[in-house]
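Subject: Structure for your attention

Dear colleague,

Please find the structure below.

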Amino acid sequence: MFKLEPLLDVKLRAPRVASPTVPRLRLIEQLCEGLDRKLTLIKAPPGFGKTTAASAWAEALHDRLDARPTRVVWVSLDEYDNNPVQFWRYALTAIDRCLPGRAARALEVLTRSAYPPLEDILTLLINAVIHENQRVVLMLDDYHHVTDPVTTRSLAFLLEHLPLSLHLALLTRAEPSFSLARLRANRHVNELGLEDLRCTPQETQALLECVSGQPIDPATAHELHLRTEGWPVGLQLLAISLQGRREVAEVLKDLRGSHHNVFTYLMDEVLRQQPGEVQHFLLHSALLECLSAPLCDAVLERHDSERMLNELERNQLFLLALDGQRAWFRYHTLFREALLSRLNQQPAVLHQALHDRASLWFAEHGDTFSAVAHALQAGRFERAVALLATVPAPQLMESSLMPKLLRWFEQIPTDLIFSHNALWCPYVNALIYSGQHHAVRTWLRTLEDRVKSLQQHSGLPMMTAEDRGLTLGFIAAYQAILAGLAGDEPRTRALADEASRLLPEEGFPNRTLAVYAHSLAALINGQLLLAHGLSTRAALMAEQNGQIGVGLLFNLTAALYRYMSGQPRDAWRFLEDLARPGMPPLNVASVGYSSVLRGLLLLERNELDAALEAVEQGIHLAEHRCYTSVAEFGLVVLAHVQVARGEYDSASLVIERISQIAGHRVSTFQHTLWLTPLQVRLWLLTGQLSTARIWADSQERAPHPTSVMVRERLDLTRARVLLALHQPERVLDLLEPVVTHAVQQGRGEHVLEARMLQAGAHHQRGALPDALDAVTLAVRQGEPQGYVRRFLNEGSGMAELLALLQRERARDVPAAYLTALLGAFQPTTPTPAPASPEMHVGAHHPLPLTAREMDVLALLARGLSNDDIARHLDLSLHTVKSHVHNLSSKLHSKNRTQTVAKARSLGYIPPEP
């Protein structure tokens, strides 16, 4: 889990595209003319020759005689590069190879920092190359794969501060997700689009004649140009089809329809014109993502694949060399997809035979995972399982493999998993990792029944009595984890005790699961200090057994327990201590878990922008690696951040999304811990007091929860509703036992919230001395741990009490901290909705505005259109429209004029002069 994946050298080489038969000098000139701008954007759908044009440009730059030499570095991106660390490893490595040593420091910080500070890293790069005499063009091919918000923001930062020695080129099918409005307005972007990349009528005729080897009548060429709309890949296919001397008029007659239809028709024509052995080779080799002569010889059962590959490349049949030695190739993506479509029309037995031979070849040459993939395609499940069983379990549990492993396990019959005990732990781990708890329970129950049945034909490997005991211990350990995640404390303890009894103390990795399960039981029971100690102990045991990734998971959970104990600053230090020299970035090693925790801690500091970035990065990493539980937890934290930013509609959508994707996976225990308090608070913030009251009433009639953590969370949440209903006496009665027990057992987070609610209740009663007593205790508790957001969440009532505290009891609290808290209260601080039913019914009380909404509002007041606002603030038009909609919703207005007028009346913007 801690290993950074090796970089693929081939992705750092410009694709060896066959020399264009017709030089497109106009494109090269247009690209060269924009070299003094910051960005070149080549954007078009597949098959329009983006890579070909960029490759020709790169060659022209290499040969160009200029006072300032220009060198091109190339990065071919794919879906696996859609995270900031992987993306910048490739980009910085490419630059460092061109300018040795210039990106070395940036690479070092990137790969060794727990949380790579991307802007600092890019600043290191900028400073290192700013005085270079030569210019470097960083060519990012297939940039449309990059959608991660952290990565795109970092690239936008580089563009904003790009030195003259660097030029960025993006080859993409879609508009980049960062805003280009300001760059375009300042003429910093040179763009080639679909219309630029279409062949001109002259280029069309030249291409057809050159590739087909026959003259084409100008009128016919013009008609073919119109039919293909100058689509380069379609024209190349058309030209190849004409090599067979078919009458051009006949082709013209059949050529009609959309690009898809044209492409399908031309593919048929190209294949029909090829000799039989070429057709056979093309179709049967298409199932291989990469091709080499020895591999093709084995799979296609021939001995002349090297000659065939050379011939295909010479005839420009969309074959691209992947290395300088021209040993490995791949087909153009569109071409391969079309070939596969035709191959899929062949009998299934042919597919199976081809995949079977490919599997055997890859297994013989040591590429186990490719061998497994082809074995599964061939239906050779026994071979696939046997191959997987040879891979060390820790390697099978690396997060980078998880999406692929999950797909493979879905294809493998369950009984074959039972027959290979080396796969049991990776299999169960993969299912838990992806949130398939019900499937794990079912599989473990079946395994337990088979072990206890003692039947000879149970489908299990031969077992001694000792083996059976260890297997039952393995089962109990994982069942204990599942029971803990579901909040069943008695069952968790019983199963964890059973696992500890059955598993040896030394040398058996699954014993660590029993210790960790005990930590979950302690959490359920509200014993957070004990839970923290058990989790760190489990982490140490895992590390001693070589389970570095598992140990990191347990340590991060221990940090979460510290946060819940009311120690966010200590949790932050704990996280920082987990980052060790020489290790990959912590957010990558933990598959986003540490980033989500970091966002939660930044939220408590009220560093909302940093919190948002950390949480988004964590969610992206977790979703990318199918780490379902972390992704769902990240969405919960994201919703908290959005509420803090006043983005209530967005938070509601995230909560709805959590419910949709989690489904039955989220237990009542987890739901109550994280979602219920947030949902109720959001109801109160958006004026849905009646909904919150109905929920609170239902809780009074509900059975008493057995979990201490659940019981206290529900009591705190109900107290918040009662406070909004102006029932302070009930609030105080409800909270008195909560505070007593939470203080005794170290649940500091609950203590702090309870004291703030008590202060609010006393304030409502008019008992200011008691209110100041409660808020004094809250401030004293909050200062050592740097709490800010918790106080801001209580709104204007808390601000009033803090101001009164500063006037009347300043000596009783840390003065600097109190001043900082008061300074943090701004007009944009989320304030609870009306505190009484009378205020709620029929009244329109505006919700607070975010800083960005205030920016948009100021420009609305100046009469700017949405387009003008987008350009002025460097936002997308969609984002501006969302802000305008939110303003209208919050200010209860029907149009832009009413929005501005209402804002003036409420003092958000100054009155008209």
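The expected span of a helix is 1.5 Å times one less than its number of residues. Helices (H or I, at least four residues) are DSSP runs, numbered from the N terminus. This is a predicted model, in which local features need pLDDT of at least 70 and side-chain atom pairs count only at pLDDT 80 or more, while totals for chains, interfaces and linings use all residues. Residues are numbered from 1 along each chain as its sequence is written, and side-chain values use heavy atoms, with hydrogens and water left out.

Helix H44 (residues 795-808) has 14 residues and should therefore span 20 Å; its end C-alpha atoms are 20 Å apart, which agrees. Several residues of H44 are buried (under 20% relative accessible area, with a 1.4 Å probe and protein chains only); among them are Met798, Leu801, Leu802 and Leu805. An α-helix has 3.6 residues a turn, so residues three or four places apart point the same way. The cover over the buried residues of H44 includes helix H41 (748-765), helix H42 (768-785), helix H43 (789-792) and helix H45 (815-824).

The structure also holds 14 aromatic pairs. Rings of Phe, Tyr and Trp (its six-membered ring) pair if their centres lie within 6.5 Å; planes under 30 degrees apart count as stacked, over 60 as edge-to-face and the rest as tilted. Phenylalanine 87 and tryptophan 88 form an edge-to-face pair, at 5.0 Å centre to centre and with 90° between the planes. Phenylalanine 87 is buried at 1% relative accessible area, and tryptophan 88 is buried at 2%.

A further edge-to-face pair joins phenylalanine 409 and tyrosine 427, at 5.1 Å and 85°. Phenylalanine 409 lies in helix H22 (residues 402-411) and tyrosine 427 in helix H24 (residues 424-433), so this pair ties together parts that are 18 residues apart in sequence. Both residues belong to one aromatic cluster, which also includes Phe418, Trp424 and Trp443.

Yours sincerely

How values were computed
Helices (H or I, at least four residues) and strands (E, at least two) are DSSP runs, numbered from the N terminus. Buried means under 20% relative accessible area, exposed over 50%, partly exposed in between (1.4 Å probe, protein chains only). Contact means heavy atoms within 4.5 Å.
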